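Please have the structure open as you read.

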Amino acid sequence: MAEREGANSEGAAPVAAGPQAPELSREEKLQLRKEKKQQKKKKRSEKGPSAEPAELGAPPEAGQPRAAAQPTSPPAPADGPGDGEKPAGGKSKAELRAERRAKQEAERAQKLARKAELSQAATAAKPRQSPTEPQSMVKRLPEHVQVDDPAAQRKLAKKLERQQVPLRQDYGTKVNLFSHLHQYSRKKPLTQQMSIPSTVIHPAVMRLGLQYSQGIINGSNARCIALLEVFKQLIRDYSTPPNEELSRDLVAKLKPHISFLNQCRPLSASMGNAIKFLKKEISCLPDTLREDEAKEKLQDVIDKYLREKIVLAAEAISRSAFEKINDHDVILVYGCSSLVNRTLCDAHAKQGRAFRVIVVDSRPRLEGRETLRRLVRHGIHCTYVMINAISYVLPEVSKVLLGAHALLANGSVMSRVGTSQIALVSKAYNVPVLVCCETYKFCERVQTDSFVSNELDDPDDLIVLRKGQAQLGGWAENKSLRLLNLVYDVTPPDLVDLVITDLGMIPCTSVPVVLRVKNVDQ
């Protein structure tokens with residue numbers, strides 16, 4: 001019966017949407033309403049007329065609404081044809097749904113393509129940064145290398161004011177290339193230059209700061225040992241306030257003392273590593289410990305650090321350096337390094353090696369005189385020359401033994417100013433350069449020159465009295481004259497043949513490996 005009706009409808013004219021059309025069932029009316037809502041949503045989203053489905057009947061009458069005249073699904077007969085039946089329009093409901101689904105997929109694909117084009121245009125308009133170009137990153141510079149930045153100085157002044165630590169004023173005019181560094185004077189005692197609050201700064205820390213500022217305590221090891229001993233006394237005298245935790249309050253109490261010591265003299269790399277280690281140990285204290293137990297544990301930790309990182313490390317370096325010292329060697333040393341002095345004394349006294357030492361010195365500190373006194377006291381044959389004479393003595397030198405203030409992450413050696421000159425001339429004479437340095441002096445900072453991060457000493461130390469007269473007297477009044485008294489310089493790693501550490505003998509290129517292992521252990 002359905003096939004016969006379909007055959008008759010193929011040759012007949014299409015059914016008009018007039019009053020003679022069969023009535024729609026309730027389900028079909030609901031379907032029509034849903035489709036109308038979907039069409040309206042599409043029109044709003046696209047903001048334009050969308051393609052309407054083809055009309056299945058005649059145009060609507062004047063009094064009839066347009067939506068009723070253009071139904072998406074054709075009117076079905078009264079008996080309600082199934083999905084497989086074809087009404088007057090020639091398409092079943094399943095086919096119409098498939099068309100609608102295909103149309104929606106096509107519109108979705110157009111939207112995705114349009115978004116892709118817009119994103120490509122935006123990326124093309126935005127300039128790309130090549131991989132070789134350095135990325136712009138905000139790096140935090142240390143406070144002691146931002147002296148010429150007014151904003152940084154205001155920030156530092158506010159920080160010190162919160163900590164109730166006075167700000168030390170710079171002295172004299174500086175060379176423009178080093179205007180970002182502090183320059184202090186030792187003419188007046190520190191107590192006359194700044195008012196030190198006794199309620200905030202511990203007396204032991206105050207005494208240590210005065211010794212730093214006057215140059216009484218010099219050398220990386222001596223300064224670090226004195227710092228840790230003072231911190232032990234500070235911990236012994238500390239008492240936790242009520243409603244406070246020791247691990248947090250003690251770190252807060254240490255900050256003004258560290259700022260005060262930094263005002264007296266910039267901290268060395270070894271002191272920075274020791275402070276970082278102590279803060280980490282304080283923060284890792286368990287809450288279950290009583291105050292006296294925690295303080296005793298911190299003092300034991302400091303004693304262990306001093307014993308392992310400085311005392312035992314010096315013994316290990318002395319044993320390793322002994323392998324490089326032979327009989328009848330001529331060893332050149334520069335300045336005063338406690339580690340180098342101990343190594344030479346042990347090789348002469350304990351191992352019985354017979355060698356000669358050439359002590360090279362330089363103004364204005366003349367630290368080599370102390371090295372000369374110590375070596376001669378132990379019966380070592382020595383020669384004393386100034387740094388401008390090294391080219392005359394190097395032809396007879398068999399090896400150069402130097403100390404270090406710090407070993408940087410790129411393998412550069414930071415040491416007393418003049419060290420790089422000695423290493424450079426030694427390289428020209430094919431004399432091996434050996435550097436003795438403990439691993440606790442290894443620093444993660446990278447530095448290729450002596451300008452960015454350094455220390456300026458008192459420029460008045462350069463004034464030499466000859467026959468009661470000073471050639472540079474009154475230099476501060478002369479605007480065209482500026483004195484530069486640098487403390488450290490940086491020696492490139494290609495001028496150093498070997499670094500003798502407490503972990504063994506390593507090249508300068510192995511410093512990053514040691515730093516990585518230290519970070520893992522900590």
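Predicted model: local features only at pLDDT ≥ 70, side-chain atom pairs only at ≥ 80, totals over all residues.

**Cysteines**

Let's start with the sulfur atoms. The model has zero disulfides. Take C437: its nearest cysteine sulfur belongs to C436 and lies 8.9 Å away. Because a disulfide needs two cysteine sulfur atoms within 2.5 Å, C437 is in no disulfide. C437 is also buried, with a relative accessible area of 0%. C443 is buried as well, at 11%.

**Accessibility at a glance**

| Residue | Relative accessible area | Class |
|---|---|---|
| C437 | 0% | buried |
| C443 | 11% | buried |
| M386 | 26% | partly exposed |
| V452 | 49% | partly exposed |

**M386 and its contacts**

Next comes M386, which sits in strand β3, spanning residues 381-386. Which residues does M386 touch, leaving aside those up to four places away in sequence? They are V360, D361, S362, R363 and L366. Of these contacts, L366 is 20 residues from M386 along the chain, and the two C-alpha atoms are separated by 9.2 Å. M386 counts as partly exposed because its relative accessibility is 26%, which falls between the 20% and 50% cut-offs.

**A nonpolar patch**

L177, F451 and V452 make a nonpolar patch of about 280 Å². V452 belongs to the loop between β7 (433-436) and β8 (465-466). With 49% relative accessibility, V452 counts as partly exposed, since the exposed class begins over 50%.

Key: Residues numbered from 1 in each chain as written. Heavy atoms only, no water. Buried < 20%, exposed > 50% of the residue type's maximum accessible area, 1.4 Å probe, protein only. Helix = DSSP H or I, 4+ residues; strand = E, 2+ residues; numbered from the N terminus. Contact = heavy atoms within 4.5 Å. Patch = residues over 30% accessible without salt bridge, like charges linked within 9 Å, V, L, I, M, F, W, Y side chains within 5 Å. Areas by Shrake-Rupley, 256 points an atom, 1.4 Å probe, with all protein chains shown as cover. Salt bridge = Lys/Arg side-chain N within 4 Å of Asp/Glu carboxyl O.
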